Amino acid sequence: MKIGIVCYPTFGGSGVLATELGKALADEGHQVHFITYQQPVRLNVFNTNIFYHEVRVPTYPLFDYPPYEVALASTMVDVIMNHDLDLLHVHYAIPHASAAYMAKQIVKQKTGRNVPVITTLHGTDITLVGKDKTYEPVVTFSINESDAITAVSQNLKDETYKSFPIHKEIEVIHNFVDVGRFNKKPIDAFRKVIAPNGEKILMHASNFRKVKRVDDVIRIFAALRKAMPAKLLMVGDGPERPATEELVRELGIDEDVRFLGKQEQMEDILAVSDVFLLPSEYESFGLAALEAMAARAVVISSNAGGLTEINVQGVTGFMANVGDIEAMSDFTINLLKDEDKLAKMKEAAYLHACQFDIKNIIPLYEKLYSRFCRMEPCK
Ligand code: GMT
């Protein structure tokens with residue numbers, strides 16, 4: 001099939017998922033056209049089935065806010081018509097679902113063709129931004145007008161029905177991970193630099209937004225440091241980073257915490273990590289935690305949103321209520337003091353992540369697409 005994929009090209013989970021999906025579909029022989037304002041960060045391969053179309057947003061002195069959605073819809077029209085796309089798959093409702101609706105109507109008027117639009121809901125497009133009154137009517141309309149809607153977890157599906165008058169079926173297709181990529185041997189030299197005395201290594205990765213509760217990560221680690229030597233790797237960047245770095249200095253643990261900024265080689269960093277901390281206020285799914293599990297890191301997280309659909313209490317990790325720093329610290333300390341338990345849980349995390357392997361999830365998307373195939377054979 002010829003599939004158009006629209007996503008945010010940045011480090012966020014929705015962009016990562018959409019890019020990995022497109023790459024896997026291209027490997028399966030589909031022609032994949034990415035339509036984004038920038039080359040997606042994980043689109044770092046050469047594949048003759050992959051095409052990238054940049055959305056250019058010309059500016060004009062009159063525009064305080066350049067009309068990105070109009071430029072995006074126009075680029076979609078151009079790509080659909082010139083590359084004869086079979087369908088559009090948009091990731092993150094705002095503004096991708098409404099731009100897709102507009103593009104669909106334009107193509108219909110010009111050619112009579114009804115191009116199917118599939119919208120995948122990822123999380124904050126529903127739970128934070130989408131609910132805002134400023135966006136809600138357009139979000140509701142464009143979700144309802146999509147030909148198929150998927151959500152990355154059961155929790156997100158439930159949240160969507162709770163918050164928006166959606167009258168269509170939302171299908172749950174869980175996020176996935178390429179287990180083969182993350183199941184890597186640790187690079188000894190890297191481990192030695194980070195933890196020269198064999199200290200345990202903890203890690204957190206996010207966009208450092210309030211919803212991630214990054215200060216809880218630091219406080220959990222500070223409690224652990226009182227009990228035993230350890231190191232913490234903080235991966236990613238975002239608005240909360242300066243305050244987090246300040247907290248680390250205030251708590252006197254700056255010798256043991258490294259801020260690595262945005263990183264592409266997540267598999268190498270995860271491979272040396274024993275524990276992954278994700279105490280978020282909300283996660284529709286928690287793709288970063290799943291990638292950590294595939295790399296054999298035990299996940300200590302909150303029990304918010306879809307995290308309970310991937311982290312298994314006492315088996316692959318441990319979960320506590322949002323903000324319960326004490327419970328998350330106690331578990332971390334007990335775990336890291338017990339080598340046998342740590343080894344068992346690391347293996348269990350890996351085995352559980354295998355259920356979400358890319359090989360199991362891609363066919364679900366292909367099955368969904370095949371419902372919209374035109375008369376010619378698919379692929
Ligand atoms: O976590 C973020 O703030 C980024 C956001 C995104 O859209 O890139 O992530 C959301 O989508 C991911 C991929 O489906 C999910 O794994 C994250 O849990 C979800 N984030 C939230 O719900 C806060």
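## Helices H9 and H10

In this predicted model, helix H9, which covers residues 214-227, and helix H10, which covers residues 241-250, have axes that come within 9 Å and cross at roughly 20 degrees. Angles under 35 degrees count as roughly parallel, and H9 and H10 are therefore roughly parallel to each other. The handedness of the crossing between H9 and H10 is right-handed.

On the H9 side, the contact is made by Val 214, Asp 215, Ile 218 and Arg 219, and these meet Thr 244, Leu 247 and Val 248 of H10. Sorted by class, the residues of this contact between H9 and H10 comprise four nonpolar, one polar and two charged.

## Helices H12 and H14

A second pair is formed by helix H12 (residues 287-294) and helix H14 (residues 339-354), whose axes come within 7 Å and cross at roughly 115 degrees. The crossing of H12 and H14 is left-handed.

From H12, the residues Leu 290, Met 293 and Ala 294 take part in the contact, and their counterparts in H14 are Ala 349, Tyr 350, His 352 and Ala 353. The contact of H12 with H14 has six nonpolar residues and one polar residue, while no charged residues belong to it.

## The chain as a whole

The secondary structure of the chain amounts to 15 helices and 13 strands. Along the principal axes, the C-alpha trace spans about 70 × 45 × 35 Å.

Of the 379 residues in the chain, 55% count as buried. When contacts between residues at least 6 apart in sequence are considered, 69% of them join residues that are at least 24 apart.

## Thr 48 in its loop

Thr 48 lies in the loop between strand E2, residues 31-36, and strand E3, residues 50-54. The relative accessible area of Thr 48 is 60%, and because exposed means over 50% on this scale, Thr 48 is classed as exposed.

In sequence, Thr 48 and Asp 27 are 21 residues apart, and in space the separation of Thr 48 and Asp 27 is 9.6 Å from C-alpha to C-alpha.

Technical notes. Residues numbered from 1 in each chain as written. Predicted model: local features only at pLDDT ≥ 70, side-chain atom pairs only at ≥ 80, totals over all residues. Heavy atoms only, no water. Axes fitted to C-alpha atoms, helices over the stretch in contact; angles between N-to-C directions. Helix = DSSP H or I, 4+ residues; strand = E, 2+ residues; numbered from the N terminus. Parallel < 35°, antiparallel > 145°, perpendicular 65-115°, else oblique. Left-handed = near helix turned anticlockwise from the far one by under 90°. Contact = heavy atoms within 4.5 Å. Nonpolar A, V, L, I, M, F, W, Y, C, P; charged D, E, K, R; others polar. Buried < 20%, exposed > 50% of the residue type's maximum accessible area, 1.4 Å probe, protein only.
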